[in-house]
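Colleague: I would like to go through the terms used for this fold and see what stands behind each of them. Please show me the structure.

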Amino acid sequence: MRAIKNLFVLVIIVAMLVGVGAVALRVMRGKPSGVEEVKQGIVMASSVSSYVYAAKVGNKVILFDAGADPDGKAIDALLGWLHAGRGDITDVFLSHGHGDHTAGAAALRNVHIRLGAGDIALAEKKVPPEAFAGKAFTTVMGFPAVTAGDPLTGAGTIEVGDAPAAKDGKDAKDAKKVVKAFPIPGHTPGSYAFLYDGVLFVGDAMIFKQGRLDPAIKLFDAHPDENKAAIRQLQKQIENEEIDIICTGHGGCTPKGLGRNQLIDLVARL
Ligand SMILES: [Zn+2]
């Protein structure tokens, strides 16, 4: 009888801790970190360790991932740094459909929300995350459903910003800027990496920690082998691209100039 009573007390305590933890996380996600510069014109901020990246393209702004906060406070911090407003955002490139990367997109109107077609149902909460930790986290955080109106299939190049299209004889700086999209199915079926201005955004396929790149955190990754295969494939696809910096969903970015070498080092350890 006493054992049952003790167990009951223990269950209550655990439930309270989970409840307090959930409330704390929901409060914390609305309190973004300070803004840091990735390189000129590209900045980052995070809340509850989910990063949002913003790039100024002419007078417009594009985002890479939208963060864990449905109110988009980290996005607003980045916009403030870039002297821009929400109305200047034209495109949000979502690395995958997990709520801690998509939630902020729920706060935005009239933007192209670009996401791998394989993750549309995940972002709309029609299917749950596959990994247990991801499921639990999503339940605790109550992420909003996000509808991506611009699904991505295969590799592609997307023009961004408001510069006029490049014409013969025109200065290269007047050319339209582009984002190159590479499918990296693994962490989720619709995961994508995006390359813009020498910076490769890889979402949760990789994490930057203790000065090096590692594959996605196992607890949150239902398909580690597929993810590794996708990283190898990605390395081949970007062989001829300039890869200056690699930015991850939860660990920030590699130091400037080291992106390519750190990816080669990661692939050698896979
Ligand atoms: Zn994820």
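**Helix packing, a buried face and a sheet**

Modeller: In this predicted model, the axes of α6 and α7 lie 10 Å apart, and the two helices pack at an angle of about 140 degrees.

Colleague: Why is α6 called oblique to α7?

Modeller: Roughly antiparallel needs an angle over 145 degrees, and roughly perpendicular means 65 to 115. The angle here is about 140 degrees, so α6 counts as oblique to α7. Their crossing is left-handed.

Colleague: Which residues of α6 and α7 meet?

Modeller: From α6, I231, R232 and Q235 meet L263, L266 and V267 of α7.

Colleague: Which residues of α7 are buried?

Modeller: G259, R260, Q262, L263 and L266 are buried.

Colleague: What puts them on the same side of α7?

Modeller: Around the axis they cover an arc of only 165 degrees, which means that they share one side of α7. On the other side, N261, I264, D265, A268 and R269 are exposed.

Colleague: What do the buried residues of α7 pack against?

Modeller: They pack against α6 (224-237) and the strands β11 (199-201), β12 (206-209), β13 (212-215) and β14 (245-248).

Colleague: How do you know that β11 and β14 pair?

Modeller: Pairing takes at least two bridges, and three join β11 to β14, so these parallel strands qualify. In one of the bridges, V199 has I245 in β14 as its partner.

Colleague: What is the order of the strands in the open sheet?

Modeller: The order is β8-β9-β10-β11-β14-β15, six strands with mixed pairing. β8 (156-160) and β15 (252-253) each have a single partner strand, so they stand at the edges.

Technical notes
Residues are numbered from 1 along each chain as its sequence is written. This is a predicted model: local features need pLDDT of at least 70, side-chain atom pairs count only at pLDDT 80 or more; totals for chains, interfaces and linings use all residues. A residue is buried if 20 or more other C-beta atoms lie within 10 Å of its own, exposed if 12 or fewer, and partly exposed in between; C-beta atoms are placed from the backbone. Helices (H or I, at least four residues) and strands (E, at least two) are DSSP runs, numbered from the N terminus. The arc is that of the directions from the helix axis to the C-beta atoms. Two residues are in contact if their C-beta atoms, placed from the backbone, lie within 7 Å. Axes are lines fitted to C-alpha atoms, for helices over the stretch in contact, and angles run from 0 to 180 degrees between N-to-C directions. Angles under 35 degrees count as roughly parallel, over 145 as roughly antiparallel, 65 to 115 as roughly perpendicular and the rest as oblique. A crossing is left-handed if the near helix is turned anticlockwise from the far one by less than a right angle, and right-handed if clockwise.
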